[in-house]
Amino acid sequence: MSDRETWATRLGFVVAAIGSAVGLGNLWQFPFKTATNGGAAFVVFYLAAVVVVGFPAMLAEFVVGRRTNVNAVDAFGELGHRQWRVVGGLAVFTGFWILSYYNVVGGWVIRYIVGSATGAYFADPAAYFGAVSAGPEAVLAQAVFLAIVVGIVALGIEDGIEKATKVMVPSIVVLMVALAAWVATLPGAAEGYAFFLSPDIDAMVANAGTIIPFAVGQAFFTLSLGMAIMITYSSYVGSDDNLVLDGGVVVVTNTLIGVLAGLVVFPILLTIGAEITTESGGAGALFVATAAGFSSVPFGRVFGVVFFGVVLIAALSSAISLLEVSVAYANDNYGLSRPVLAAIVGVGLFLLGLPSAWDTGWLTWFDRFAYQVFLPVSVLALVAFVGWVIGADAIDELRQGTGGLGAVGPLWLWTLRLIVIVAILGTLALGLNEMFLVEGADFFQPF
Ligand code: PHE
């Protein structure tokens, strides 16, 4: 496949991977899950999960992608293990599933930018959310968001994704820092930081069983793992890149932006005294609460536009990575042009997203299934493959471009083989227990 595209520069790959990682997962899910899972206690488990489970798993995806230079499904055949293609298939499916409702939330964000500019939600933030989050208006907004995503991916790796993310990622960082500086002046700032940053150890220990599955799921989601994204992006990388360093930069930047998101969101919420510690309100709670915040502070319109603007940029730079996964697969296998494929996949995504756009209960259900079942299973299968099936060869691939790994290679491999696998199995068990066995849980009753 000599005419296959590549990144123009190494930085292009790193920035695109950061663009993928930094998304609604950081700016919406992370504060929301922190709020509903015990504040700072969740943050501690989450950070641990990122370092111990997420980073090694990301390197595993990188190794598969760069070794084979092919899409995430065929990569397994290329490595001589055709029967493991199902693992790639599961990852592609998981990504498709997630993107279907991600587009819907992307559509909400567009509505919130407009709503901030016009002040449309100022009088009644909850009613505004109800109006834009479900039904025909949400379907329309979902289509607009998706059309932008399809447009960027249609332009290709270098001219589309790389160029777009090189503008998007720096904008996200600059605007988030500016927002964090602004909210520091709000009256609820101190209380917001305390909620976010000072863990209650007793509550942490007592609730570990319910918090850990969410923390691990969040780590996978935010690092864009288990969706074949990192396999696909690294398949366009040359063998002289240092994957360990690149992955480290992605993980650290992504984590810092997540923390920045918390530093922005919680002061706003506590300034208006929003009730954020109870498990209620579902996916929309954060939209309603932040919007309520903007409607009651000076220059709320301006800051609302900037805040939701950043969220939109971040969501777009993630969504393009996920669309690229399916497009790469189709592009490697069928003789259709990239724009046509992007459009076809886009239509499929639109259709699968319709239930989520129609009713937020479905969206929550899709999201939960992704977090607690598809993502952990998908990462588990990939890690088991790299750790136990390719084994030492994986270390060889990881070593390329690093100038020698020393003990880091075997340490990484054994972390994958044992720690990551045990952590995921434990997470799955806890998550399934919570879904099916906890009294009152009725999982197949979506809402
Ligand atoms: N890491 C992304 C995020 O945090 C996850 C994601 C990527 C979701 C691509 C959808 C599409 O938002």
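These exercises work through selected residues, a nonpolar core and a surface patch in a predicted model.

**Exercise 1. Ser378**

Solution: 
- Step 1. List the neighbors. Leaving aside residues up to four places away in sequence, Ser378 touches Leu90, Ala91, Thr94 and Gly226.

**Exercise 2. The core around Trp412**

Solution: 
- Step 1. Take the core. The largest nonpolar core has 167 residues. Val386 and Trp412 have the most contacts inside it.
- Step 2. Find the main contributor. Helix α17 supplies the largest share of this core, 18 residues.
- Step 3. Inspect Trp412. Not counting residues up to four places away in sequence, Trp412 touches Pro56, Leu59, Ala60, Val63, Val386, Ala394, Ile395 and Leu398.
- Step 4. Join the two. Val386 is among the residues that Trp412 touches.

**Exercise 3. A nonpolar patch**

Task: Which residues make the nonpolar surface patch of about 640 Å², and which helix gives the most to the patch?

Solution: 
- Step 1. Name the members. The patch is made by Val51, Val52, Trp388, Val389, Trp414, Leu418 and Ile419.
- Step 2. Assign the helices. At least two residues each come from α3 (40-68), α17 and α19 (408-437).
- Step 3. α19 gives the most, with three residues.
- Step 4. Leu418 lies in α19. Its relative accessibility is 44%.

**Exercise 4. Ser296**

Task: Where is Ser296, and how far is Ser296 from Phe122 in sequence and in space?

Solution: 
- Step 1. Locate it. Ser296 is in the loop between α14 (285-295) and α15 (300-333).
- Step 2. Classify it. Ser296 has a relative accessible area of 48%. Exposed means over 50%, so Ser296 counts as partly exposed.
- Step 3. Compare the two separations. Ser296 and Phe122 are 174 residues apart in sequence. In space they are 7.9 Å apart, C-alpha to C-alpha.
- Step 4. Check the side chain. One of its polar atoms lies 3.3 Å from the backbone oxygen of Ala292.

Note on methods
Residues are numbered from 1 along each chain as its sequence is written. This is a predicted model: local features need pLDDT of at least 70, side-chain atom pairs count only at pLDDT 80 or more; totals for chains, interfaces and linings use all residues. Side-chain values use heavy atoms; hydrogens and water are left out. Contact means heavy atoms within 4.5 Å. A nonpolar core is a set of buried Ala, Val, Leu, Ile, Met, Phe, Trp, Tyr and Cys residues joined through side-chain atoms within 4.5 Å. Buried means under 20% relative accessible area, exposed over 50%, partly exposed in between (1.4 Å probe, protein chains only). Helices (H or I, at least four residues) and strands (E, at least two) are DSSP runs, numbered from the N terminus. Patches are made of residues with over 30% relative accessible area and no salt bridge: like charges are joined within 9 Å, nonpolar side chains (Val, Leu, Ile, Met, Phe, Trp, Tyr) within 5 Å. Accessible areas come from the Shrake-Rupley method with a 1.4 Å probe; for residues, only the protein chains shown count as cover. A salt bridge is a side-chain nitrogen of Lys or Arg within 4 Å of a carboxyl oxygen of Asp or Glu. A polar contact is a pair of N or O atoms within 3.5 Å; within protein, one must be able to donate a hydrogen and the other to accept it, and residues adjacent in sequence count only if both atoms are side-chain atoms.
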